[in-house]
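Please view the sequence and the structure before reading on.

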Amino acid sequence: MLGRNGLTLLLLLLFVLEGSVIKWLLPLSWQEQVMISPHLTLVAIMLISIYDSRRIGLLYGLCFGLLHDIVYYGPMIGPYCLGMGIVSYLCGVPKFRYGIGLFISLFLIAAGNLLFEWILYGIYQVTQVRPLDMHWAFLHLMLPSLFMNALFALILYVPMRRLLDKLRKMEKSSKE
Amino acid sequence: MFKLLGNKKIVVLLISLIVFVALMGLTMMRTGMTTPEKMIKDTVAWTQGLFYRPAQSIAGFFKDIRDLRDLYEENRVLKATLSNYAKDTMKLNKLESENKNLKELLEFTERQKSLDNYKYHVAQVLSISPDPYNGRININLGSRDGIKENMAVISVEGLVGRVDTVSELSASVQLLTELDATNNESKAISATVKGKERSFGIIQSYDPATQNLIMTNIEQTDELEVGDTIITSGMGLVFPKGIEIGTVVAKEDGDFGINYVAQVKPVATFRHLSELLVVEVPDAQDTEIN
């Protein structure tokens with residue numbers, strides 16, 4: 001499980017998990033009141049974009065967004081593709097002088113998630129596919145999803161970071 | 001802003017935005033899936049099915065431990081119901097044969113007889129959409145198993161949704177939570193009250209805030225009351241008749257005060273779904289109206 005292919009496989013695995021396993025792991029009582037949307041793949045792609053390169057993040061974001069649009073047959077093709085592309089690119093843009101630690105990356109991921117939710121909400125609102133009350137949507141969709149995805153980011157942080165560091169070392173040694 | 005992104009990037013961004021808007025606009029009106037879409041969907045959905053069952057059994061195990069306490073009481077009640085059930089089966093057999101005889105007496109045509117003879121396909125859920133704006137699930141039956149669009153999908157509890165798109169090995173189910181009066185894609189359900197089959201209403205939207213279905217077009221003379229059980233009437237011919245939808249929790253005046261509007265709490269749960277039944281109405285093509 002190494003190299004670029006390994007990374008793609010990992011993302012595919014996360015994509016498969018987010019539609020099948022996560023809904024069962026979250027207790028039913030939580031899902032009664034609020035709607036939690038797990039974006040495991042997006043979180044992982046944002047980590048790639050932060051620690052590896054934002055171009056690769058953009059590419060992954062576009063591809064997996066498109067895959068999501070196709071597999072779940074949404075009202076149209078595009079919202080996830082666009083949203084995931086933009087958000088994963090923007091996550092890699094800010095540069096910090098002393099490198100990026102856990103807290104800054106968590107903050108970036110949380111902000112990216114919120115932006116993603118707003119993009120989705122905006123697209124669906126403009127196209128009038130699912131008109132929802134903004135206040136309600138914010139409290140019942142966006143905030144719970146935001147916290148849940150921050151939790152996922154916390155879980156994914158260490159293994160992803162290790163994998164990416166290993167990748168970078170491998171690429172360096174192959175160049176020399 | 002220009003310094004941050006650079007001129008070239010702005011152009012790329014704008015062009016891709018235009019492309020996306022065009023893509024969304026074009027695919028909004030789509031009616032089915034293209035072949036590559038179907039292939040991708042089948043592959044991913046099948047893989048997700050591999051993970052869905054184990055996750056379900058693990059979650060089920062923890063639930064079982066929690067439920068152990070209630071088991072004793074439940075068992076006692078079930079035994080009591082079982083004796084009633086045996087009694088009812090005897091009655092049902094008698095009534096069924098009587099019904100058959102009466103139908104023959106009245107000289108029903110073959111087609112009328114087979115109209116209530118629904119076929120049930122047992123389907124496993126492969127995945128649930130993580131997108132809160134898009135309540136869709138994928139099931140493991142496709143066009144190869146005889147699944148067609150617009151078939152009703154039910155769980156043990158009651159109506160869950162309808163088949164939305166079909167590919168070779170899997171199909172998407174649009175949940176009842178997706179019902180929307182303003183959307184052409186969603187089909188309204190004609191409904192009636194169990195035991196008062198003369199009453200009539202149309203369920204055409206879902207309110208995510210109260211988690212109730214909205215039933216409209218109820219006549220003022222209608223006998224519908226709070227607490228009644230709502231079932232499908234089968235008049236639209238999209239859904240077979242007699243499937244339980246929910247119970248009435250509120251009855252209010254409609255928009256113009258001419259008709260009543262009822263809030264219906266769905267009996268089926270839409271969160272942790274596992275086995276579903278797809279209902280096939282015989283000769284759906286012959287009798288299809290919409």
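The model is predicted: local features need pLDDT of at least 70 and side-chain atom pairs count only at pLDDT 80 or more, while totals for chains, interfaces and linings use all residues. Residues are numbered from 1 along each chain as its sequence is written, and side-chain values use heavy atoms, without hydrogens and water.

**Domains of chain B**
- An automatic or database domain assignment gives domain 1 (38-115) and domain 2 (119-280).
- The C-alpha centres of the two domains lie 18 Å apart.
- Ten residues of domain 1 are in contact with 17 residues of domain 2 (heavy atoms within 4.5 Å).
- About 1,000 Å² is buried between the domains, 49% of it from carbon and sulfur atoms; buried area is the accessible area (1.4 Å probe) that two parts lose on being put together, summed over both.
- On the domain 1 side, Lys41(B), Asp42(B) and Tyr52(B) lose the most area, together 51% of what that side buries.

**Strands of chain B**
- Six strands form a closed barrel in the order β6-β7-β8-β11-β10-β9, with antiparallel pairing (strands are DSSP runs of E, at least two residues, numbered from the N terminus; pairing needs at least two bridges).
- Strands β6 (residues 189-193) and β7 (residues 196-207) pair over four bridges, with Val193(B) partnered by Lys196(B).
- Strand β12 (residues 275-280) pairs antiparallel with β1 (residues 119-128) over six bridges, and Leu276(B) stands opposite Ala123(B).
- Three bridges join β12 to β3 (residues 152-154), also antiparallel, and Leu277(B) is the bridge partner of Ile154(B).

Technical notes. Chains lettered and ligands numbered in written order.
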